[in-house]
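This report describes one protein model for a reader who is new to structural analysis. Please keep the sequence and the structure in view while reading.

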Amino acid sequence: MHDIFEDELVYFRKIKKACSRFADFYRYQEIRTPILEQAELFEKGTGQTTDIVEKEMYSLRTKGGDHLALRPELTPSIVRAYIEHGLQAMPKPIKLWYFGPVFRHEKPQAGRYRQFHQFGFESLGVADSVVDASIVLLTFNILKELGFKHLVIEVNSIGDKQCRPYFKKSLVSYLRSKSSSLCADCRRRLKQNPLRALDCKEEKCQRIKKSAPQIIDHLCKECHNHFKFFLEFLDELDFPYILNAHLVRGLDYYTKTVFEIYEDTKEGREQGALAGGGRYDDLVKLLGGKDTPGCGVACGVERLVNLMRRGKKEKEAPPTAVFLAQVGDLAKRKGLVLLDNFRKSKVPVGEAIHKDSLTSQLKSADRAGAKYVLILGQKEALEDKVIIREMKTGKQKIVGLKRVISEVKRKAR
Ligand code: HAM
């Protein structure tokens, strides 16, 4: 867990702004749900046997005996809110987006933190694969706008409750035949959550999964068509996608489409997926609501920031064009008022009003890259005037305090 400030925060703001612009266009409403929820929400929603719930969720018992958890993701929280606030009765789709902290007790390493931030988009109520494609479109374009140039989308379908049980059976019998060569985790997964074995990063398991049965070959007609239409949308958009038959994602609620987006560079692969998502047609019912399809995505903000910082995709903050310097008590008082008048006129002005020495203030102006310095000395303060000095040439002009803002605006044009 770490503090976020200075240039890192500049990137955070930039990312949130981009999300907000896209959300407005596509009519997603922002929602802020509590950071603490009943642990049961994630045990049921994310899945009791997932790594996230089993190993990574921070949970606690309150003095009153409640079993709570710091949210390890937001999708179950969004579905809880959807049910709790009667959104089920509203015209569909219900489109919600969020930006906030998430907690997972992971081994800290590149791109993995214990408190990190996600932004995400969830669309509830429509089963059509155009929703899956539009969520990929939205995420891909936000990332592109943030400066990512080597994006790759990995896609797969993991079927639904019709076809997945048949696939599971054939996967389990294949894995059983190799069980002595599997890692200990996968031997355990074989009993509880065999699909997750396809996701294992251990080298020996990777070799085994190469010849494992593929869910794509076991999809029922409905899932097959859904996936086909989804891919046709991606083709139409000319998006760079790869079919990864082993992509299963680490959360239990997915049905049909799953996807992840990577920046396909050395640093990008080191960070891991920038975004992950998919369809979850059974989750609302599982959490006590009406049978409602859903689809969504979440993006790891720190992972984006790390790559943006390295590639310096964000320009340095523009230099402050104008800087106010003052000398003497009266000038300091008038300077404070003048600064506020600049703020009201929406003209940015730098200052070091806590300082008394003119030399030191001029140094600050220089460091800030100021083109003009407004000097309010004792004499000027008495006469309600101010000196405008051009830093580069040293040329000076004296103007009345009342005119200084319009004069600065004119010079900035
Ligand atoms: P997820 O794949 O677990 O999906 O997380 C989404 C993104 O969060 C990842 O692609 C990654 O960028 C970021 N992330 C995950 N763990 C960490 C970590 N420890 N440190 C930094 N970043 C991390 C979900 O959370 C689902 N709720 C996504 C979703 C929404 N599916 C449907 N709707």
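## Burial and overall form

Of the 413 residues in the protein, 51% are buried, where buried means under 20% relative accessible area, exposed over 50%, and partly exposed in between (1.4 Å probe, protein chains only). The model is a predicted one, in which local features need pLDDT of at least 70 and side-chain atom pairs count only at pLDDT 80 or more, while totals for chains, interfaces and linings use all residues. Residues are numbered from 1 along each chain as its sequence is written, and side-chain values use heavy atoms, with hydrogens and water left out.

The protein contains 16 helices and 16 strands; these are DSSP runs numbered from the N terminus, helices being H or I of at least four residues and strands being E of at least two. Its radius of gyration is 28 Å, well over the 22 Å that the globule rule gives for 413 residues, so the protein is more spread out than a compact globule. That radius is taken over C-alpha atoms, and the globule rule is 2.2 Å times the number of residues to the power 0.38. Along the principal axes, the C-alpha atoms fill a box of roughly 90 × 45 × 45 Å. Among contacts (heavy atoms within 4.5 Å) between residues at least 6 apart in sequence, 70% join residues at least 24 apart.

Helix H12 spans residues 301-310, and eight of its ten residues are buried, so the helix is largely enclosed by the rest of the structure. Among these buried residues are Glu302, Arg303 and Asn306. Lys312, which follows H12, has a positive phi near 45°.

The side chains of Tyr113 and Asn306 are joined by a polar contact of 2.9 Å. A polar contact is a pair of N or O atoms within 3.5 Å; within protein, one must be able to donate a hydrogen and the other to accept it, and residues adjacent in sequence count only if both atoms are side-chain atoms.

## Ser123 in strand S6

Strand S6 also holds Ser123, which is buried, with a relative accessible area of 2%. Leaving aside neighbours within four places in sequence, the contacts of Ser123 include Tyr28, Val131, Tyr280 and Cys295.

## Cavity and pocket

A search of the whole structure finds one cavity of 30 Å³ or more. On a 1 Å grid over the protein atoms alone, a cavity is a set of points where a 1.4 Å probe fits but cannot get out, and a pocket is an open set with protein on both sides within 12 Å along at least five of seven lines; lining residues have an atom within 4 Å of a point. The largest cavity holds about 50 Å³ of space, a volume being the space filled by probe spheres set on the points, which are joined across faces, edges and corners. Among its lining residues are Asp51, Glu54, Arg188 and Arg196. Helix H7 (184-192) gives the most to this lining, with three residues.

The second largest pocket holds about 440 Å³. Its lining comprises 23 residues, of which Arg164, Lys168, Asp252, Tyr253 and Tyr254 lie nearest the centre. Helix H6 gives the most to the lining of this pocket, with three residues.
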